[in-house]
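Reader: I would like to learn how to read a fold carefully, going from its elements to its sheet, its helices and its backbone details. Could we take the features one at a time?

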Amino acid sequence: MKRFEKHIFVCENVRPKDHPRGCCSEKGSRELRQIFKKRLKELGLNTQVRANAAGCLDACEYGITVLVYPEQIWYGGVTENDVDEIIQKHIIENKPVERLMIKDKRFNRDE
Ligand code: FES
């Protein structure tokens, strides 16, 4: 039996304010991960799904970047308003949330 069925990696990388690439933490990614954790716990999913802090996922221009394994689905521009939809559709129903998927083919490829 697997320890966790899914991992939600949330980029919490921090860069200096004047860095040209910016960072997900300045957009509120730490708070976002806490909201994921809280909702997973409220729904009783926290023993099967873990919301992990990640370093830079190299999709900074799309941040806040969230990566869900094992499906390897990359989400960009995620806000707290998207948490419930990601949990309901992707985590529970196994249907990735198309509108939040990064369109750049370096991340999500058509298969
Ligand atoms: S700083 Fe978040 S993906 Fe690079």
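Author: We begin with the elements: helices (H or I, at least four residues) and strands (E, at least two) are DSSP runs, numbered from the N terminus. On that basis the elements of the protein run β-α-β-β-β-α from the N terminus on, which comes to 2 helices and 4 strands. This is a predicted model, in which local features need pLDDT of at least 70 and side-chain atom pairs count only at pLDDT 80 or more, whereas totals for chains, interfaces and linings use all residues. Residues are numbered from 1 along each chain as its sequence is written.

Reader: What radius of gyration would a compact globule with 111 residues have, and what does the protein have?

Author: The radius of gyration is taken over C-alpha atoms, and the globule rule is 2.2 Å times the number of residues to the power 0.38. For 111 residues a compact globule would have a radius near 13 Å, and the protein, at 13 Å, therefore agrees with the rule. Along its principal axes, the C-alpha trace spans about 45 × 30 × 25 Å.

Reader: How should I read the sheet, and in which order do its strands stand?

Author: Strands of a sheet pair through backbone hydrogen bonds, either parallel or antiparallel. Here two strands pair if DSSP finds at least two bridges between them. The sheet of this model is open, with 4 strands in the order β2-β1-β3-β4 and mixed pairing. Because β2 (49-54) and β4 stand at the edges, each with a single partner strand, one side of each is left without a neighbour in the sheet. From one strand to the next the twist averages 20°, where axes are lines fitted to C-alpha atoms, for helices over the stretch in contact, and angles run from 0 to 180 degrees between N-to-C directions.

Reader: Which strands pair in the parallel sense, and which run antiparallel?

Author: The parallel pair is β1 and β2, over 6 bridges, and in β2 the bridge partner of K6 is V49. Strand β1 (residues 6-11) runs antiparallel to β3 (residues 66-69), to which 4 bridges join it, with I8 partnered by V68 in β3. V68 also stands opposite I73 in β4, and β3 pairs with β4 (residues 73-75) in the antiparallel sense over 3 bridges.

Reader: How do α1 and α2 pack?

Author: Two packed helices are described by the angle between their axes and the distance between the axes. Helix α1 (residues 29-42) and helix α2 (residues 83-92) pack at an angle of about 50°, with their axes 10 Å apart. They are therefore oblique to each other, given that angles under 35 degrees count as roughly parallel, over 145 as roughly antiparallel, 65 to 115 as roughly perpendicular and the rest as oblique. The contact is made by I35, F36, R39 and L40 of α1 and V83, D84 and I87 of α2, two residues being in contact if their C-beta atoms, placed from the backbone, lie within 7 Å.

Reader: Which peptide bonds are cis, and where does Q72 lie?

Author: Most residues other than glycine have a negative phi, and most peptide bonds are trans. The bond from G63 to I64 is cis, with omega near 10°, and I64 lies in the loop between β2 and β3. The bond from Y69 to P70 is also cis, with omega near 10°, and P70 lies in the loop between β3 and β4. Q72 is found in the loop between β3 and β4, and although it is not a glycine, Q72 has a positive phi of about 60°. That hairpin of β3 and β4 has 3 residues between the strands.
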